Every structure is written in C-alpha cells, then in structure tokens.
Amino acid sequence: MEDQSFIPLNYERLEESTMINNSISFYKEMDKRRSVREFSDDHVPQEIIENVIMTASSAPSGAHKQPWSFCAISNTELKHRIRAAAEEEEYKSYNGRMSEEWLTDLEPFATNHIKPFIDDAPWIIVIFKKPYDLVKGEKRKNYYVNESVGIAVGFLLSAIHNAGLVALTHTPSPMNFLEELLKRPKNEKSFLLIPVGYPAKKIEVPLLKRKTKDKVLEIYN
Ligand code: IYR
C-alpha cells in the first residue's frame with residue numbers, strides 16, 4: 001500500500017436547533033428544484049460552470065478514484081452536432097425501441113425526440129464514467145463506478161440549483177455518439193447529458209407530486 005498521510009478532520013459541531021433549521025431550509029430549497037426542458041439562450045459565465053463541476057468532483061467515490069470526467073460545451077456548432085446525433089437516436093427510441101408501457105409512462109411529461117434545449121442552453125455538461133483509468137497505457141480498475149458517478153451528478157444538480165440555474169438530466173439512448181463527437185479516450189463511457197442555463201420565459205412544468213414521507217421512509221428505532 002502507498003504511504004497515506006492523515007490530517008485532522010475539519011469539522012465544527014453545530015447546535016441541534018441550528019441543525020434542525022438547516023435541514024429544513026435545505027430541504028425546502030431543494031424541493032423547489034424542477035427539471036426544465038425549455039431554456040433561454042442567456043449567457044452563463046464559465047466560472048459558474050467550473051464551480052458547479054468542481055462541487056460535483058468533490059463527491060465521495062470508490063477508493064477515492066473519482067472515476068469521472070465532465071465536458072462543458074458552449075460552442076454553438078458542437079452543441080448543434082450533439083443535438084442532431086441525439087435526435088437521430090431519440091427518433092429511433094420513440095418510434096420502436098421504447099415499449100408501449102414506457103411511452104405511456106412518459107405521456108405526462110410531453111417529451112418527444114425533438115431536443116431544442118441542446119441548442120438553446122448556453123452550456124451542455126456531458127458526464128463520462130471511467131470503468132478503469134489508463135496509467136501509462138495500463139488499465140487500473142475503478143470501483144463502484146455507477147454509484148460514484150451517480151452521487152457526483154447529485155452534487156452537480158444541487159450545485160446548479162444552488163447557483164440559481166436550471167438543468168435537465170437527459171439520457172439520449174444509446175449515447176455512445178458523445179464519446180466520438182467529443183473525442184474522449186477509450187476508457188470513458190457517456191453517463192448523462194445535462195443542459196444548464198436559465199429557463200425560457202414563462203414556461204410551465206408538469207404538475208408533479210412528490211411521494212410523501214410515509215411512502216419513501218421507514219424508521220427502525
Ligand atoms: N431519453 C428519452 C426518453 C425519456 C426517458 C425517461 I425514463 C424520462 O424520464 C424522460 C425521457 C428523452 O430524453 O426524451
């Protein structure tokens with residue numbers, strides 16, 4: 001094993017009342033987050049995108065391998081090529097690859113194969129997972145890759161919301177075209193595509209109800 005240094009934990013214990021207040025206000029704030037499918041093309045500074053991505057990259061990961069890469073794309077022409085490729089796959093999905101049950105489940109969201117948000121949003125973040133690292137041409141295995149990258153994306157969505165921006169977790173399927181378009185190394189596999197920006201003016205979102213506590217939480221005292 002490599003020599004591993006340890007340092008004191010940087011941690012400040014809070015009053016219970018403060019923690020209760022913090023947990024309530026954070027829940028209320030996060031509960032306001034909505035997936036948005038219509039974006040304004042208003043500019044978003046690159047610095048914000050870099051900060052939310054570095055927040056994502058602070059997530060825990062198996063053996064601290066941080067098995068992810070983030071591509072942040074604002075280039076208009078590249079976004080358009082990504083849109084064209086995504087729509088080509090999505091067309092096939094909506095017209096044959098997705099089951100009737102799946103299409104029925106998606107009806108409340110009024111989605112289809114047309115994806116203008118890839119052109120409109122000022123930034124597209126594409127997340128890649130790395131099942132292994134390449135160190136001097138040699139494969140080094142990563143662990144709990146889906147779990148690690150999923151947690152990082154959770155951090156990313158929270159950071160985007162906290163910054164005052166909106167996003168969509170988009171999963172064109174199959175999404176290997178992103179590896180080619182973005183010329184990624186062969187150990188990187190597309191995980192998610194997330195447009196980030198401001199919502200278009202006066203848009204509506206589906207009326208969703210989140211599951212209540214008794215449906216999602218079981219306490220074992
Ligand atoms: N990937 C398609 C279909 C889709 C699937 C699920 I599950 C969603 O929650 C939403 C969409 C698309 O992005 O349109």
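Student: Is L217 buried, partly exposed or exposed?
Tutor: L217 counts as partly exposed, because its relative accessibility is 41%. Buried means under 20% relative accessible area, exposed means over 50%, and partly exposed lies in between (1.4 Å probe, protein chains only). This is a predicted model: local features need pLDDT of at least 70, side-chain atom pairs count only at pLDDT 80 or more, and totals for chains, interfaces and linings use all residues. Residues are numbered from 1 along each chain as its sequence is written, and side-chain values use heavy atoms, with hydrogens and water left out.

Student: Where does L217 lie?
Tutor: L217 is in the segment after helix 8 (213–216). Helices (H or I, at least four residues) and strands (E, at least two) are DSSP runs, numbered from the N terminus.

Student: Which residues make the nonpolar surface patch there?
Tutor: V216, L217 and I219 make a patch of about 300 Å². Patch residues have over 30% relative accessible area and no salt bridge; like charges are joined within 9 Å, nonpolar side chains (Val, Leu, Ile, Met, Phe, Trp, Tyr) within 5 Å. Areas come from the Shrake-Rupley method with a 1.4 Å probe, and for residues only the protein chains shown count as cover.

Student: Now inside. How many residues has the largest nonpolar core?
Tutor: It has 24 residues. Those with the most contacts inside it are F70, I125, I127, L156, I160, I194 and V196. A nonpolar core is a set of buried Ala, Val, Leu, Ile, Met, Phe, Trp, Tyr and Cys residues joined through side-chain atoms within 4.5 Å.

Student: Which elements give two or more residues to this core?
Tutor: Helix 2 (46–56), strand 1 (68–73), strand 2 (123–129), helix 6 (145–163) and strand 6 (189–197) do. Helix 6 gives the largest share, 8 residues. Apart from this core lies another, of 22 residues, among them C71, L78, F117 and F177.

Student: Back to I127. What does I127 touch?
Tutor: Leaving out residues up to four places away in sequence, I127 touches S69, F70, V149, V153, L156, K189, S190, F191, L192 and I194. Contact means heavy atoms within 4.5 Å.

Student: On to helix 3. What span does helix 3 reach?
Tutor: Helix 3 (residues 76–97) has 22 residues and reaches 29 Å from its first C-alpha to its last. That is close to the 32 Å expected at 1.5 Å a residue. The expected span is 1.5 Å times one less than the number of residues.

Student: Which residues of helix 3 are buried?
Tutor: The buried ones include L78, I82, R83, E87, E90 and Y94. Their cover includes strand 1, helix 4 (100–106), helix 5 (117–120), strand 2, helix 7 (177–181) and strand 6.

Student: Is K115 buried or exposed?
Tutor: K115 is buried, because its relative accessible area is 5%. K115 sits in the loop between helix 4 and helix 5. Beyond residues up to four places away in sequence, K115 touches R83, E87, E90, Y94 and H170.

Student: Salt bridges next. How many salt bridges are in the whole structure?
Tutor: A search finds 9. A salt bridge is a side-chain nitrogen of Lys or Arg within 4 Å of a carboxyl oxygen of Asp or Glu. R83, E87 and D119 are linked in a network of them.

Student: What about E77 and R81?
Tutor: They form a salt bridge, the closest N and O atoms being 3.2 Å apart. E77 and R81 are separated by about one helical turn because they are 4 residues apart in helix 3.

Student: And R184 with E188?
Tutor: Their side chains meet in a salt bridge (2.8 Å, N to O). R184 counts as partly exposed at 27% relative accessibility, whereas E188 is buried at 3%.

Student: Last topic, backbone. Which residues does a cis peptide bond join?
Tutor: S173 and P174, with omega about -5 degrees. P174 is in the loop between strand 5 (166–167) and helix 7.

Student: What is the phi of K136?
Tutor: Phi of K136 is near 50 degrees, a positive value in a residue other than glycine. K136 lies in the loop between strand 3 (132–135) and strand 4 (138–141). K136 counts as exposed, because its relative accessibility is 85%.
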